[in-house]
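Visitor: Please show me how to read a structure such as this one. I would like to go feature by feature.

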Amino acid sequence: MWQRWSRGKRFLLWMVSGVIASLLACSSPPTNLPIGLIAPLSGDLAPTSGTPTLQGAELAVNVLNEAGGVELDGRRYTFTLVPADDEDNPNQAVAVANRLINQEQVVVLVGMPLSRIAIPVSQVAENAQIPMISSKSTNPATTQDKDYVFRVTFTDTFQGEAIAEFAKNELNLTQAAILYDDASNYNKFLAETFQQAFTQRGGQIVALESYITNETNFEPQLTRIRDSGAELIFLPNYPVEVIEQARQIRQLGIDAILLGGDAWSGFAQYDEPALDGSYYSADWALDLDNPQMPDFLARYQATYDTLPTSAAALSYDTIGLIAAAMRQANDSTPQGIREGLSTMRDYPGVTGLISYQDSGDPQKGAVILRLEAGNAVFDRQVMP
């Protein structure tokens with residue numbers, strides 16, 4: 001009898017100890033995972049690119065942490081955002097990426113909305129085997145031949161074809177000119193993609209003009225474009241440059257329709273008469289019917305007192321993807337996050353469903369927006 005009681009007592013004590021251990025585990029503070037964010041937080045591109053990228057990620061981190069973080073095997077994980085300014089300089093971006101990985105010990109890199117920044121940083125991430133998710137880089141080279149690099153948006157190959165299809169078959173324009181920054185990966189590749197897609201559809205490129213970053217006088221190139229008789233001008237450039245280009249285009253008496261790519265998304269903050277009636281391709285719009293949209297819009301407006309742009313929405317989704325990848329792989333390590341991302345199917349982001357299969361590029365559509373008095377008006381959606 002004593003032996004039976006002793007065995008029962010030992011079992012009871014073991015059970016009680018287990019319950020106490022579980023309670024202690026549940027009440028223990030969560031583990032903070034540092035998330036590195038790289039974006040142009042100063043300079044001309046900060047208002048349209050860097051600041052909304054930071055704000056979207058900040059909001060997502062706060063929402064996740066307030067909900068208790070990510071729980072894996074009874075242990076909770078929260079995120080700490082570690083932002084770094086790339087100053088829109090590739091060398092600076094590589095330096096801060098190395099610092100974030102080697103000194104801050106980040107488990108993943110997010111941000112890098114500009115392709116000219118994302119491409120060199122992607123090599124750093126790949127070499128260090130740290131997962132990277134670019135919010136808005138569209139150049140195919142960002143993810144090409146890489147296992148640890150992902151993006152949330154579409155590629156320039158797709159959007160170049162989408163805007164060319166729209167110009168030729170919806171606007172019925174056949175004579176196009178292109179003005180692009182020859183020193184920028186994003187601008188140059190998108191210009192080449194549009195040129196090829198437009199001519200394949202029976203259109204003609206009547207003027208192909210380039211410039212170098214930081215040029216401000218485009219009169220020689222635009223004069224040649226005016227003399228070419230172009231019905232449309234494709235400007236695959238960044239907002240600050242495009243505003244000046246549009247003003248000079250109208251000053252020269254050119255009434256061609258202006259078209260652009262997703263870098264124009266920040267124009268929702270501007271009321272530039274020279275851009276009225278222009279169109280651009282984008283990776284997100286406020287008008288999209290998405291069940292996640294109302295909560296995101298309400299939280300963003302309450303926090304920042306403004307409507308989000310696509311830069312903010314895509315950045316918001318990068319944080320949600322990290323949490324979903326951890327749950328899918330049941331792993332919080334960089335390798336686990338990479339594995340979870342690579343097998344992600346139909347993640348319900350605010351920018352739409354996100355899936356990865358055989359590459360770091362999601363299958364996502366585009367929208368065509370029209371600028372009217374500083375407002376981006378939804379025109380149509382284009383699916384792959």
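Guide: Start with E339, which is partly exposed, with a relative accessible area of 38%. Buried means under 20% relative accessible area, exposed over 50%, partly exposed in between (1.4 Å probe, protein chains only). This is a predicted model: local features need pLDDT of at least 70, side-chain atom pairs pLDDT 80 or more, while totals for chains, interfaces and linings use all residues. Residues are numbered from 1 along each chain as its sequence is written, and side-chain values use heavy atoms, leaving out hydrogens and water.

Visitor: Which residue forms a salt bridge with E339?

Guide: A salt bridge puts a side-chain nitrogen of Lys or Arg within 4 Å of a carboxyl oxygen of Asp or Glu. Here the partner is R338, with the closest N and O atoms 3.0 Å apart. R338 counts as buried, at 18% relative accessibility. Elsewhere, shared partners join E170, R370, E372, D379 and R380 into one salt-bridge network.

Visitor: How many salt bridges are there by this rule?

Guide: The count is 16. In one of them, R151 meets D361 at 2.6 Å, N to O. That pair is 210 residues apart: R151 sits in strand 6, D361 in the loop between strand 13 and strand 14. Helices (H or I, at least four residues) and strands (E, at least two) are DSSP runs, numbered from the N terminus. R151 and D361 are both buried.

Visitor: What is the strand order in the open sheet?

Guide: Strands of a sheet pair through backbone hydrogen bonds, either parallel or antiparallel. Pairing here takes at least two DSSP bridges between two strands. The sheet has seven strands, in the order 8-7-9-10-11-14-15, and its pairing is mixed. Strand 8 and strand 15 are the edges, each pairing on one side only. Strand 7 and strand 8 run parallel over seven bridges, where I178 has L208 as its bridge partner.

Visitor: Which residues have the most contacts inside the largest nonpolar core?

Guide: In soluble globular proteins, nonpolar side chains tend to be buried together. A core is a set of buried Ala, Val, Leu, Ile, Met, Phe, Trp, Tyr and Cys residues joined through side-chain atoms within 4.5 Å. The largest has 74 residues, and F79, I319 and I322 have the most contacts inside it. Helix 10 (residues 310-329) gives the most to this core, with 11 residues.

Visitor: What is I322 in contact with, beyond its neighbours within four places in sequence?

Guide: Contact means heavy atoms within 4.5 Å. For I322, the contacts are I35, F79, V108, V110, I133 and I337, leaving those neighbours aside. Another core, of 43 residues, lies apart, with L109, M112, A125 and Y186 among its members.
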